[in-house]
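Here is a short note to go with the model. Please read the points alongside the coordinates.

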Amino acid sequence: MRALVVVCRYLGDTLMATPLARSMAAAGHEVDWLVAPGTEAIIMGQAFAHNVHVLEPKASTTWGMLRRLRRRYDIACVTTPSDRPMLLALTAAKKVFALDYARPQDAWKRRLAKAYCRHDGLSHMASYAFDLARMAGVSVSRELGIDWTETDDAHVRELLGWETGVRFAHVHPFARWGYKHWPSAQWQALIARLLESGLHVALTAGPSERAAAEALVKDLPHARIRILAGELSWPQLASLSRQAAGYIGLDTANTHLAASTGTPTLALFGPTDPRLWGPWPNGFDGRAPYRPFAPGGIQHQGNVMLLQREFGCVPCQLEGCDRSRHSRSACMDTQPVDQVWRCWRELVG
């Protein structure tokens, strides 16, 4: 049996679909993926990703993909409730199980799908992966994330270059969009406290963020800081998080990945609704790890602590106070270092 998992969105969406792919692979399916550009690296080489197709955002690419995938699969599962992924899945597979907004204009999808689950805007994205696996008739794996090897562990230790047994914090202070950022001055103050507490710091960033990472720690003791900007594969990033005493980061795929490894994870969230997108705690066996808000803005579930400002507008689910992905969010800009530090101490010790 051949199965296709269709996720034509962001890195976080791809990670949220990993329990579905694991479920299909454990049931004996050969699992391929259809993903958006820039997300393929996170699942390449995984046991639950036999082939990975990348769908470029061009009409010509769509037609070519339709021809290549036509009737190659027994089952397709669509985790992106939009038109193009659904058309590709219907072309590729005999049976399609889909996530659907249940809008009137989407009635054609519901008619053509073998079965569908409703995207209600209130459920965690990982829970839809469980639903789709269940509808496809396979035993549900609740393991979210990717695998790494002992070779990855060794490579990470070599890059860090610290003595065996050194305790360090994995810090990822960057996000793709401005509205998810925490100001640099706050990060600098927090990293200084981590160092003062006796921890070393492994700071990760993308290749284009190296200069910003170096500026962030230029006045701090460099012997106890390692900047790893674009030097690690996704499995190696997972290994780094797992070896750390704890991880702290923003509303990004890196934070989801860290949480999946079981390491103590502190997530700084702004406008995003944690019911939908909070980092899934490793080993959590329920359906809803988080509420939309909590007293003090702190939610602690398993290995994850999620911190938001206790503003009346949070979570607004908007992209910054100016309604732009590149704008700032007051709920992030005003998050005090003292509260972040108290949460870290409670989580990690």
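1. Helices (H or I, at least four residues) and strands (E, at least two) are DSSP runs, numbered from the N terminus. After α3 comes Arg71, with a positive phi near 55°.

2. This is a predicted model: local features need pLDDT of at least 70, side-chain atom pairs count only at pLDDT 80 or more, and totals for chains, interfaces and linings use all residues. Residues are numbered from 1 along each chain as its sequence is written, and side-chain values use heavy atoms, leaving out hydrogens and water.

3. The protein chain has 14 helices and 13 strands. Its C-alpha trace spans about 60 × 45 × 40 Å along the principal axes. The radius of gyration (over C-alpha atoms) is 20 Å; this agrees with the value near 20 Å for a compact globule of 349 residues, by the rule of 2.2 Å times the number of residues to the power 0.38.

4. Of the 349 residues, 57% are buried, meaning under 20% relative accessible area (1.4 Å probe, protein chains only). Among contacts (heavy atoms within 4.5 Å) with a separation of 6 or more, 60% join residues 24 or more positions apart.

5. Which residues of helix α3 (residues 59-69) are buried? They are Thr61, Thr62, Gly64, Met65, Leu66 and Leu69. The buried residues of α3 pack against strands β1 (2-7), β2 (30-35), β3 (51-54) and β4 (73-78). They also pack against helix α4 (83-92).

Definitions and conventions: Buried means under 20% relative accessible area, exposed over 50%, partly exposed in between (1.4 Å probe, protein chains only).
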